[in-house]
Amino acid sequence: MSAATTRSRTPDRLCAEAVDLARSAAEEAAAPGVVGEHAGLVSEGDRVVTHFFECKELGYRGWRWAVTVARASRAKVVTLDEVVLLPGPDALLAPEWVPWSERLRPGDMGPGDLLPTDAEDLRLEPGYSGEDEPGPNAPVSHEMAELVEAEDAEVAGGVPANLSVVPSRGSIASVAEELGMRRARVLSRYGLHVAADRWDEAFGAKTPMAQAAPASCVTCGFLAPIGGSLGQAFGVCANEFSPADGRVVSLTYGCGGHSEAAVMPKPPRPAPPVIDETRVDPFPLRPAPDSGSVPVTSDDDSAELGHS
């Protein structure tokens with residue numbers, strides 16, 4: 001280790017003793033009463049020392065006022081270099097900044113808000129290709145095409161959002177518009193899968209409502225079908241009493257508002273009672289002749305015994 005490095009790590013004595021100079025500089029830069037106790041110092045180099053003072057400003061917990069003082073070579077006067085408020089090791093810091101495109105969540109957009117999509121959005125793909133680009137052997141060169149665009153921009157009036165864009169007849173854009181394919185970008189396979197997973201998680205077969213439903217939506221009369229490939233697995237609920245009214249639901253979803261749930265099943269027949277309390281059992285005062293308690297005899301046999 002060189003002597004210069006040793007001197008830089010050892011605080012200069014005059015700069016280290018200039019605590020009052022550093023405090024007065026911090027109080028001049030800060031609001032009254034927010035500069036606290038002296039919190040140490042650090043050597044920044046030869047005859048350069050930074051003094052730290054606690055910050056009592058509300059909302060700046062753990063921050064410190066850093067005042068750097070310096071002394072010229074062979075000079076005995078310490079001068080002020082810089083005053084700044086810096087976070088300490090336990091300072092309360094603001095969270096890391098996140099772009100708005102990553103902070104946005106479903107439901108955050110309100111009336112009048114615009115949500116531009118990225119040109120490289122993985123959820124979208126071109127609806128058609130070859131948008132009015134001149135061929136390699138076309139008589140119109142790229143330079144002439146740029147000149148035509150510049151002249152059209154000078155003649156056209158108003159902002160582009162207020163101008164009606166009519167594709168020239170015979171171009172790929174005009175053919176796409178006649179075929180109903182005027183959209184520049186459509187959902188990609190990734191976009192379809194992401195939407196399907198999101199809808200199935202909200203209104204799918206694994207939800208508690210679907211687990212307790214009498215039947216699935218594929219047999220419900222309130223299901224409005226949708227077109228496209230998503231129509232093979234999803235539809236729109238049109239039952240105002242359903243929790244999914246107006247929502248895209250999976251065909252395997254279900255709820256208690258199923259159209260066929262109105263057909264009530266027959267009520268179950270109760271089991272026969274063990275003791276029938278609705279029937280009266282006769283109890284005769286004299287036993288019946290054939291009950292077995294009195295032997296059956298004829299009148300002739302009893303006549304021989306006589307009567308007392």
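Guide: Let us begin with a single bridge between two strands: Val35 has Cys55, in strand 2, as its bridge partner. Please keep in mind that this is a predicted model.

Visitor: How many bridges join strand 1 and strand 2, and in which sense do they pair?

Guide: Strand 1 and strand 2 (residues 48-55) pair over 6 bridges in the antiparallel sense.

Visitor: What is the strand order of the open sheet of 4 strands?

Guide: The order is 1-2-3-4, and the pairing is antiparallel. Strand 1 (35-45) and strand 4 (78-87) stand at the edges; each has a single partner strand, so one side of each has no neighbour in the sheet. From one strand to the next, the twist averages 25 degrees.

Visitor: Which helix lies across these strands?

Guide: Helix 3 (residues 19-29) lies across strand 1, strand 2, strand 3 and strand 4, and runs at about 115 degrees to strand 1.

Visitor: What is the strand order in the open sheet of 3 strands?

Guide: That sheet has the order 7-8-9, with antiparallel pairing. Strand 7 (223-225) and strand 9 (248-250) are its edge strands, each pairing on one side only. Ignoring direction, neighbouring strands of this sheet are turned by 50 degrees against each other on average. Strand 7 and strand 8 run antiparallel and are joined by 3 bridges. The bridge partner of Leu223 is Cys237, in strand 8.

Visitor: Which residues of helix 7 are buried?

Guide: A residue counts as buried under 20% relative accessible area. In helix 7, Gly191, Ala195 and Ala196 are buried. These residues cover an arc of only 130 degrees around the axis, which means that they lie on the same side of helix 7. Arg189, Asp197 and Glu201 are exposed on the other side of helix 7.

Visitor: Against which strands do the buried residues of helix 7 pack?

Guide: They pack against strand 6 (185-187) and strand 8 (234-237).

Visitor: Are Asp12 and Arg71 buried or exposed?

Guide: Asp12 is buried, and Arg71 is buried as well. The side chains of Glu17 and Arg13 also meet in a salt bridge, at 3.5 Å from N to O. Glu17 counts as exposed because its relative accessibility is 52%, and Arg13 is exposed at a relative accessible area of 55%; the cut-off for exposed is over 50%.

Visitor: Finally, how many helices and strands has the protein chain?

Guide: The protein chain has 9 helices and 9 strands. Of its 308 residues, 20% count as buried. Among its contacts with a separation of 6 or more, 52% come from residues 24 or more positions apart.

Conventions
Residues are numbered from 1 along each chain as its sequence is written. This is a predicted model: local features need pLDDT of at least 70, side-chain atom pairs count only at pLDDT 80 or more; totals for chains, interfaces and linings use all residues. Side-chain values use heavy atoms; hydrogens and water are left out. Buried means under 20% relative accessible area, exposed over 50%, partly exposed in between (1.4 Å probe, protein chains only). The arc is that of the directions from the helix axis to the C-beta atoms. Contact means heavy atoms within 4.5 Å. A salt bridge is a side-chain nitrogen of Lys or Arg within 4 Å of a carboxyl oxygen of Asp or Glu. Two strands pair if DSSP finds at least two bridges between them. Axes are lines fitted to C-alpha atoms, for helices over the stretch in contact, and angles run from 0 to 180 degrees between N-to-C directions.
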